[in-house]
Amino acid sequence: MTKKSKKERKSISSFSILFIILIVLTIVSWIFSGQSFTPTIPAGGTEEVSQVVGAKISDLVMAPFNGFRDAIDICVFILILGGFLNIVNRTGALEAGIQHIVRKLKGNELVLIPILMILFSIGGSTYGMAEETIPFYSLLAVTMVASGFDTIVSVGTVMLGAGAGVIGSTVNPFATGVAMDALRSVGVTPNTGVILAIGFVLWLVTTAYCIFCVMGYAKKVKADKGSTILSLQEQKDMEESFEKIGAQEMEFTGKHKAILSVFAFSFAIMVISLIPWGSFGINIFDGWTSFLTGESFGDWYFGDLAMWFFLVSLIISLIQGFSEKEIIDTFIDGVKDILSVVLIIVVARGASVLMQVTSLDLFILDKSAGLLQGLSPVLFVIGAYALYLFLSFLIPSTSGLAYVSIPVMGALANNIGLNPNVMVMIFTAGCGLVNLITPTSGVIMGGLEMSKINYSTWTKFMAKPLVVIGLSNLAILIAAMLLL
């Protein structure tokens, strides 16, 4: 691509994309207003005919506010993280540590990619790592740029790593866990062994391909900076935001090592606290780990994590020797820097809230499920997968989509003699794939915002991977439906 064509390529902002989606959803609700449908409900209940409600202008206007109210815990978590990361950055420990790593890996920087992607992928498969990846976008952007790559490599490492894990969810409580509960609500008993087996195969194949994809692009960029798909403006933003590392050689001191040890420990606690230990029959964290937030490890959520990182911010500040004024000013500056990410999440969540208010989500699901009846197993899997690709665009929350859809789709599969356990994995795979690119996902738009990458650039990078991942997922799911 010539410099001229790169310079001319423009993209509207993430906010504009999201507000356009809100307007389109409002118009669609007007078109289908009054359309009746009968949603599937838990076994033993009574059927009630529902209908689409046209969104009022007030619903559209209030959608971002309602989205903020719906996502308040995530928003507070991310704001606190902004302050925490700025405290760490101001100490100089990250810059010195990254310089140290780059010097150690000189010529072998590519090894970072598979290691990190496997770790993110395990997080995605076990506890649905998504919003928790937000702090890593800016951190890895600095590391990857210092290693000779670009910000597409850093975003790909995080997003495709964690995303591959979610596609191949095994014990993810927000995907397979919620879906199995939803199946039980309609009188269908899920087979955990079957779900785990299919999830593991999906995880292995998808993670391996994603690593191959990101490493292939990274090799090209490192060999020739001109092969980057970033526009000239994005390259300029990358230089201004992330290329400061290495500009001045820094000594990696004992204080830096102590701060980075606390930094790493804080994220280790985040991972441990989010894994649903109780579902594995592990109770070693019960009780004694609740002294800090009132909740034991395994039951922590975004509120607990927010206050954990706030406390760690104070600890790191004391190690560095910041004054009271320096702590407050630095923390608030970090919160301000990440506010745009929070606002993007708020508007993105508003789209899901608008779908619920108008009942468009249930209407689309009901009509689509009716079209799948009578299809062969192969066509049923393809149709159900396509349905989840569409529904996940409208409802990016895996747990929210599971509660809405699995009582319908799981019951439908069971009633026509197909395996409802495979339906659970069709849901996770379809939802996971779309959440790699959907603009209604606050994680996608927030991660791109932090990495200074346009949404159009990311979709260009993802064009081929989406097709390959989708086809490989379908092959595995069709085989499972035919064999099980």
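This is a predicted model: local features need pLDDT of at least 70, side-chain atom pairs count only at pLDDT 80 or more; totals for chains, interfaces and linings use all residues.
**Helix 9 and helix 19**

Select residues 173-185, which form helix 9, together with residues 420-434, which form helix 19. Their axes come within 10 Å and cross at roughly 140°. Angles over 145 degrees would count as roughly antiparallel, so helix 9 and helix 19 are oblique to each other. The crossing is right-handed.

Now show side chains where the two helices meet. On the helix 9 side, pick A175, T176, A179 and L183; on the helix 19 side, pick P420, V424, M425, F427 and T428. By class, this contact has seven nonpolar residues, two polar ones and no charged ones.

**Helix 17**

Next select residues 377-394, the 18 residues of helix 17. From first C-alpha to last, helix 17 reaches 26 Å, close to the 26 Å expected at 1.5 Å a residue. Colour its buried residues: F380, V381, A384, Y385, L387, Y388, L391, S392 and L394.

**Two loop residues**

Go to S359, in the loop between helix 15 and helix 16. S359 is not a glycine, yet has a positive phi of about 65°. Its relative accessible area is 16%, so S359 is buried.

Finish at K452, in the loop between helix 20 (442-451) and helix 21. K452 also has a positive phi, about 60°, without being a glycine. With a relative accessible area of 36%, K452 is partly exposed.

How values were computed: Residues are numbered from 1 along each chain as its sequence is written. Side-chain values use heavy atoms; hydrogens and water are left out. Axes are lines fitted to C-alpha atoms, for helices over the stretch in contact, and angles run from 0 to 180 degrees between N-to-C directions. Helices (H or I, at least four residues) and strands (E, at least two) are DSSP runs, numbered from the N terminus. Angles under 35 degrees count as roughly parallel, over 145 as roughly antiparallel, 65 to 115 as roughly perpendicular and the rest as oblique. A crossing is left-handed if the near helix is turned anticlockwise from the far one by less than a right angle, and right-handed if clockwise. Contact means heavy atoms within 4.5 Å. Ala, Val, Leu, Ile, Met, Phe, Trp, Tyr, Cys and Pro count as nonpolar, Asp, Glu, Lys and Arg as charged, and the others, Gly among them, as polar. The expected span of a helix is 1.5 Å times one less than its number of residues. Buried means under 20% relative accessible area, exposed over 50%, partly exposed in between (1.4 Å probe, protein chains only).
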